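The sequence and coordinates are shown first, and the description follows.

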There are 2 protein chains.
Amino acid sequence: MVGIKDVAKKAGVSVTTVSRVMNNRGYIGEETRKKVEEAIKELDYSPNQIARALLSNQSHLIGLIVPEINHPFFSELMHWIEYYAGEKNYKIIICNSVNDKEKEASYLTMLKEHRADGVIMCSHTLDTEVYKNLSMPIVSFDRIISAEIPYVASDNYHGGELAAHHLIEQGCKKLLHISGPLNYEMLSNRRADAFQITCTRHQVEWDILEGAHIYATFEDNWRFIEEELKDRLTDYDGIFCSNDLIAYTLSTYANKNGINVPDQLKIIGYDYHSFTRLLQSPKLTTIKQPIELLAKQLVRSLLKQIEQKGQVEQTIYDVELIQGETT
Amino acid sequence: MVGIKDVAKKAGVSVTTVSRVMNNRGYIGEETRKKVEEAIKELDYSPNQIARALLSNQSHLIGLIVPEINHPFFSELMHWIEYYAGEKNYKIIICNSVNDKEKEASYLTMLKEHRADGVIMCSHTLDTEVYKNLSMPIVSFDRIISAEIPYVASDNYHGGELAAHHLIEQGCKKLLHISGPLNYEMLSNRRADAFQITCTRHQVEWDILEGAHIYATFEDNWRFIEEELKDRLTDYDGIFCSNDLIAYTLSTYANKNGINVPDQLKIIGYDYHSFTRLLQSPKLTTIKQPIELLAKQLVRSLLKQIEQKGQVEQTIYDVELIQGETT
C-alpha cells in the first residue's frame with residue numbers, strides 16, 4: 001500500500017510538508033503544493049482515515065439513530081441530515097432503533113466503539129441518564145435531556161394549538177386527539193397539552209387516545225383504528241392526529257364506513273412530509289414541520305459541540321397550518 | 001480511558017486471555033470467561049474499534065450509495081439493508097449520490113479512506129472501469145458491471161413483459177412506456193426491451209418516452225408530464241410507467257384533464273413500495289419488486305466477498321403483477 005513516505009519521496013519534500021498540504025496547515029509555497037498534489041495523484045495515494053482518526057481522535061463519522069428509517073418523516077429528515085453533514089465532510093452511520101430499548105443501547109455502544117464524533121438522537125426509549133453519561137457529543141431531536149445537551153424541535157405546543165383552534169373554528173363540538181406514545185418525555189407531547197388547554201379554553205369537549213407514532217403502514221394504522229376507535233368514532237366531529245399517516249388512514253376508514261370527511265368528521269394531521277405532499281386525494285389538512293431546517297440545525301448544533309465552538313443552544317422552529325380537503 | 005490492560009488486571013488474567021474472550025478465539029474456561037466479562041462490565045470497557053480495525057483491516061462498516069434517500073423505493077431498500085447488515089454486526093454509512101457523477105466518485109474515495117469493508121452500489125452514473133478498479137468488495141444493484149462483481153436484481157425483463165401483456169389483455173391498442181434514463185447500462189432497461197418485444201409480438205403499436213427514475217415529488221413528475229407528454233397523451237390507451245410515483249402522478253393528471261382512468265387510459269406502475277401500499281385511492285396496478293429479498297441478498301452477497309466465502313453469484317428474483325384500480 002502506498003504511504004505518506006512514498007508521496008514525500010516522489011515529490012522530493014519531507015513527510016511534514018506532505019502532511020501540511022493534506023491538512024491545509026501552515027504556509028506552503030504554490031510550487032511545493034503542486035508537486036505534492038501531483039505525487040498524490042500519480043501514486044493514487046489514499047490517506048488512511050482510520051489511522052488519522054486514531055491520531056487526531058476524529059473520525060468524521062456521525063451516528064444517526066432514528067426510530068424507523070422507512071417512515072417518510074425520518075427518510076426526509078435523514079436525506080437533509082446527510083446533505084448538510086456532507087457539506088462539512090462528515091458521514092452518517094444510520095441506526096434504526098425500531099423504538100427498541102436494547103437496540104438503541106447497543107447502537108450507542110457501537111458508535112462509541114467506532115469512535116463516532118457524535119450522535120444525533122431521534123429515538124428516545126432510554127432514560128435521560130444514559131444520554132447524560134454518554135461522554136460523547138450529542139444532539140437530541142424533540143426531547144429535552146438536560147441543560148447541557150442541545151435539542152432541536154419544532155414548536156409542538158403551537159402545532160397542537162393551531163390544530164385544535166382550526167377544528168373549533170370550523171364548528172366542531174367534540175374533539176379527539178390521537179397522540180403519539182406519551183410515556184417518554186418527548187416534546188411532541190406538548191401537542192396533546194396544547195390540544196387540551198385550547199379545547200378547555202373554548203369550552204369544547206375533548207378526549208385523548210394514546211396512539212403510536214411509528215406505524216408506517218396503512219394496515220398497522222387501520223388495525224389501530226379498528227381496535228381502539230371503531231366503536232366510538234361517531235362520538236366525534238373533529239380529530240387531530242399526531243401524524244399524517246394515521247390521519248390519511250382515518251380519513252379512508254371514515255369514508256369507507258359511511259362517515260363523510262369533512263362534512264361529518266373533520267381530520268387534521270401533522271408533519272407534511274413527502275408522502276403527504278405526494279398525496280392528491282384527499283389533500284390532507286395538516287401542520288407542517290420544517291423538516292429541512294430541523295435537519296440543518298441538528299447537524300449544525302452537533303458540529304458546534306464536536307468542534308467546540310460556542311455555547312449549547314436549544315432551537316425551536318415554528319410550524320404552519322396547511323389547509324387541505326379534510327377540514 | 002480504560003484499556004485492555006486494566007481489564008486484565010481487574011480480572012487477574014493476561015491481556016491475551018482478555019483478547020481471546022473478546023474475540024471468541026481459542027479455549028477459555030467458563031469461570032475465566034465470566035471473570036473477564038464481569039471486569040469488562042464493571043470498568044465499562046469499550047474496545048477501540050478504530051485501533052482494532054487498523055490491526056485486523058476490518059472496520060465492519062459498509063458503504064451504501066443510493067441515488068435518492070428520500071425516494072420510497074430506496075428508503076425501503078435501505079431499511080432492510082440496515083436490518084440484515086445489523087444482524088451480522090455490520091453498520092451502514094449512507095451516501096446519497098443524487099445521480100451526480102462527482103458525488104458518486106467522491107463517496108467511493110471517502111469509503112476507501114474510511115477503510116469500509118465493502119460497498120453496495122445502487123447508484124450507477126460512473127463507467128464500469130471505475131468499479132472494476134475499486135480494489136474493494138462491491139455488489140451492484142440492477143447493473144452488470146463485470147463477471148467478477150456480483151449483482152442483485154429483480155427480473156426486469158419479466159416485469160416489462162407482464163406489464164405490456166396485461167395492458168394488451170385489457171384491450172389496449174396503442175401503448176406507451178415511460179422508462180427510466182436509458183443512457184446507463186442498467187438492468188432496469190430490460191423492462192423497455194421486453195415492452196417493445198411483447199408489443200411487437202402482439203402487433204400492438206408502441207412508443208417509448210425516456211423519463212427519469214428519481215423524481216421523488218409530485219411536482220417534478222407533474223412537470224415532466226406537462227413538458228414531455230401533455231400534447232400526445234390522448235394518443236395512447238395504455239401506459240406502462242417505470243415507477244409508481246410517475247404512475248400515480250399520471251393517473252391524477254389524466255383524471256384532472258378529463259381522461260378517465262382506467263376506462264379511457266389504463267396505467268400500470270412498477271415497484272409496489274411503501275407509498276404504493278399506503279395509497280388507497282386509486283390503488284395502483286403495478287409490478288411488485290421483492291424489496292426485502294433484494295436487500296437481504298445484497299448484504300449476503302457482499303459479506304460473502306468480505307469474508308471470502310464461496311463464489312461470486314448473480315441473483316435475479318421474480319416479480320409479480322398486483323392488480324389495482326388503474327387498469
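At roughly what angle do the axes of helix α5 and helix α13 of chain B cross? In this predicted model, the axes of α5(B) (residues 72-87) and α13(B) (residues 291-306) cross at roughly 45° and come within 8 Å. That angle makes α5(B) oblique to α13(B), and the crossing is right-handed. On the side of α5(B), the contact is made by Glu76(B), Leu77(B), Trp80(B), Ile81(B), Tyr84(B) and Ala85(B). The partners on α13(B) are Ile291(B), Glu292(B), Leu294(B), Ala295(B), Lys296(B), Leu298(B) and Val299(B). The residues of this contact divide into 10 nonpolar and 3 charged, with no polar ones.

A sheet of 12 strands includes strands of chain A and of chain B. The sheet is open and its pairing is mixed, with the order β11(A)-β5(A)-β4(A)-β3(A)-β1(A)-β2(A)-β2(B)-β1(B)-β3(B)-β4(B)-β5(B)-β11(B). The strands β11 (315-317) of chain A and β11 (315-317) of chain B stand at the edges; each has a single partner strand, so one side of each is left without a neighbour in the sheet. On average, neighbouring strands of this sheet are turned by 20° against each other, direction ignored.

| Strand pair | Sense | Bridges | Residues standing opposite |
|---|---|---|---|
| β5(A) and β11(A) | parallel | 3 bridges | Ser154(A) and Tyr317(A) |
| β9(B) and β10(B) | parallel | 4 bridges | Asp271(B) and Lys288(B) |
| β10(B) and β12(B) | antiparallel | 3 bridges | Ile287(B) and Leu321(B) |

Strand β10(B), residues 285-288, pairs with β9(B), residues 266-271, and also with β12(B), residues 320-322. In a regular strand the side chains alternate between the two faces of the sheet. Both faces of β10(B) are covered: Thr285(B) and Ile287(B) are buried on one side, and Thr286(B) and Lys288(B) are buried on the other. Lys288(B), which stands opposite Asp271(B), is thus a charged residue among the buried positions of β10(B).

In chain A, the loop between β7 (205-210) and α10 (218-228) contains Ala216(A). Is Ala216(A) buried or exposed? Ala216(A) counts as buried because it has 25 C-beta neighbours inside 10 Å, where 20 or more are required. Beyond residues up to four places away in sequence, Ala216(A) touches Glu68(A), Asn70(A), His71(A) and Leu245(A), together with Ser274(B) of chain B. Ile69(A) lies 147 residues away from Ala216(A) along the chain, yet their C-alpha atoms are separated by 9.7 Å.

Terms used
Residues are numbered from 1 along each chain as its sequence is written. Chains are lettered from A and ligands numbered from 1 in the order in which they are written. This is a predicted model: local features need pLDDT of at least 70, side-chain atom pairs count only at pLDDT 80 or more; totals for chains, interfaces and linings use all residues. Two strands pair if DSSP finds at least two bridges between them. Helices (H or I, at least four residues) and strands (E, at least two) are DSSP runs, numbered from the N terminus. Axes are lines fitted to C-alpha atoms, for helices over the stretch in contact, and angles run from 0 to 180 degrees between N-to-C directions. Angles under 35 degrees count as roughly parallel, over 145 as roughly antiparallel, 65 to 115 as roughly perpendicular and the rest as oblique. A crossing is left-handed if the near helix is turned anticlockwise from the far one by less than a right angle, and right-handed if clockwise. Two residues are in contact if their C-beta atoms, placed from the backbone, lie within 7 Å. A residue is buried if 20 or more other C-beta atoms lie within 10 Å of its own, exposed if 12 or fewer, and partly exposed in between; C-beta atoms are placed from the backbone.
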